[in-house]
Amino acid sequence: MKRILILSYATLLFASVANAQEGTPAPPPVEPQVPAEHPGMSRSAPPSQAVVPVPVPMAPPKPNGPVQKSLVRITATAVDPDYKAPWNAGALERGVGAGFVISGNRIMTNAHVVANSRYITVERDGDPNKYPAQVQFIANDCDLALITVPAKDFFKNMVPLKFGGIPALESTVSAYGYPIGGERMSVTTGIVSRIDFQLYTHSSVDQHLAIQISAQINPGNSGGPVMQDGKVVGVAFQGYSGDVAKGVAYMIPTPVMNRVLKYICNGQFDEYPELAIKYAKLQNMYTRKLLGL
């Protein structure tokens with residue numbers, strides 16, 4: 001009888017332990033740990049608020065490369081002759097223009113920038129010095145000129161620019177120069193508006209191929225390159241002033257530039273000293289006729 005009671009008691013004890021193991025609830029899931037807050041931080045901000053990253057401003061791309069290493073600022077002191085009174089010395093004028101380095105350690109600019117010049121200085125970006133320059137060739141009819149700098153190592157860190165073709169209509173171009181006598185390089189952007197023959201106002205002798213652009217061209221831009229895709233597609237040289245027309249400027253295209261360089265290479269172009277002698281002879285002849293001699 002005692003064995004039966006002990007066995008029954010053991011069976012009940014085993015059943016209660018088994019029921020206790022089956023009925024034990026599963027432990028609650030552990031929440032992910034939240035990093036400890038730093039002193040001074042506010043706890044009132046809702047935990048669901050996301051941090052919006054602030055975009056870092058990036059420098060705009062330069063589609064034409066480091067033009068500063070090719071562009072120069074030209075200051076010319078000139079004496080314009082008085083054609084009505086050739087015996088007068090003429091007025092002394094000082095103007096600022098632009099130019100750019102091409103192959104052969106030469107600088108291309110407009111003829112009207114260096115015409116009748118008595119003293120020319122050239123400045124480059126990042127260099128406070130002013131280097132005396134000399135005119136090699138001048139084409140008043142095409143309003144183009146080539147100058148050079150005799151100083152040694154002037155062209156050492158300069159990058160010659162290459163010529164491109166005629167840009168397509170409505171394509172984007174950039175004009176570089178020093179408008180209104182500024183000492184820092186300026187760039188204006190516009191589109192090609194028209195390709196036509198126009199009168200070059202410097203000589204007012206003949207019409208040549210000219211390209212109208214909407215980029216702003218002001219005094220000081222003359223002689224500066226107009227670029228597209230890293231190549232020179234023209235030389236800024238004239239535009240309208242005042243209220244005649246706004247946003248209308250012109251550049252000399254590369255076919256005219258190549259023609260001048262071809263004549264120079266073939267020896268079919270007058271050098272500047274010879275041109276000065278011819279001009280002096282014509283001026284003397286005009287004076288003699290005017291005086292009846």
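This is a predicted model: local features need pLDDT of at least 70, side-chain atom pairs count only at pLDDT 80 or more; totals for chains, interfaces and linings use all residues.
Student: How many bridges pair strand β9 (residues 186-199) with β10, and in which sense do the two run?

Tutor: General idea first: two strands pair if DSSP finds at least two bridges between them. Helices (H or I, at least four residues) and strands (E, at least two) are themselves DSSP runs, numbered from the N terminus. Here β9 and β10 are joined by seven bridges and run antiparallel. Residues are numbered from 1 along each chain as its sequence is written, and side-chain values use heavy atoms, with hydrogens and water left out.

Student: What does β10 pair with besides that, and is it buried or exposed?

Tutor: β10 also pairs with β13, antiparallel, through three bridges; there Ile213 sits opposite Ala249 of β13. For burial, the cut-offs are relative accessible area under 20% for buried, over 50% for exposed, and partly exposed in between (1.4 Å probe, protein chains only). Six of the seven residues in β10 are buried, so that strand is mostly covered.

Student: Which strands make up the closed barrel, and in what order?

Tutor: Follow β8-β9-β10-β13-β12-β11: six strands, paired antiparallel and closed into a barrel. One of the pairings is β12 (residues 231-239) with β13 (residues 249-253), antiparallel over five bridges, where Val235 stands across from Ile252 in β13.

Student: Where does helix α3 lie?

Tutor: Judge that by contact, meaning heavy atoms within 4.5 Å. Helix α3 (residues 254-265) lies across β10 (207-213), β12 and β13, at about 45° to β13.

Student: What is the strand order in the open sheet, and which strands are its edges?

Tutor: The open sheet has seven antiparallel strands, ordered β5-β4-β1-β2-β3-β7-β6. Its edges are β5 (131-132) and β6 (134-139), each pairing on one side only. β5 is held to β4 (residues 117-124) by two antiparallel bridges, and Thr121 has Pro132 of β5 as its bridge partner. α3 packs on this sheet too, touching β2 (91-102), β3 (106-109), β6 and β7 (144-148), with its direction at about 55° to that of β7.

Student: Which residues lie nearest the centre of the largest cavity?

Tutor: On a 1 Å grid over the protein atoms alone, a cavity is a set of points where a 1.4 Å probe fits but cannot get out; a pocket is an open set with protein on both sides within 12 Å along at least five of seven lines, and lining residues have an atom within 4 Å of a point. Ten residues line the largest cavity, with Leu144, Ala145, Leu146, Val260 and Ile264 nearest its centre. β6, β7 and α3 each give two or more residues to that lining.

Student: How many disulfides does the structure have?

Tutor: A disulfide is a pair of cysteine sulfur atoms within 2.5 Å, and the search of the whole structure finds zero. Cys142 counts as buried because its relative accessibility is 6%, whereas Cys265 is exposed at 61%.

Definitions and conventions
Axes are lines fitted to C-alpha atoms, for helices over the stretch in contact, and angles run from 0 to 180 degrees between N-to-C directions.
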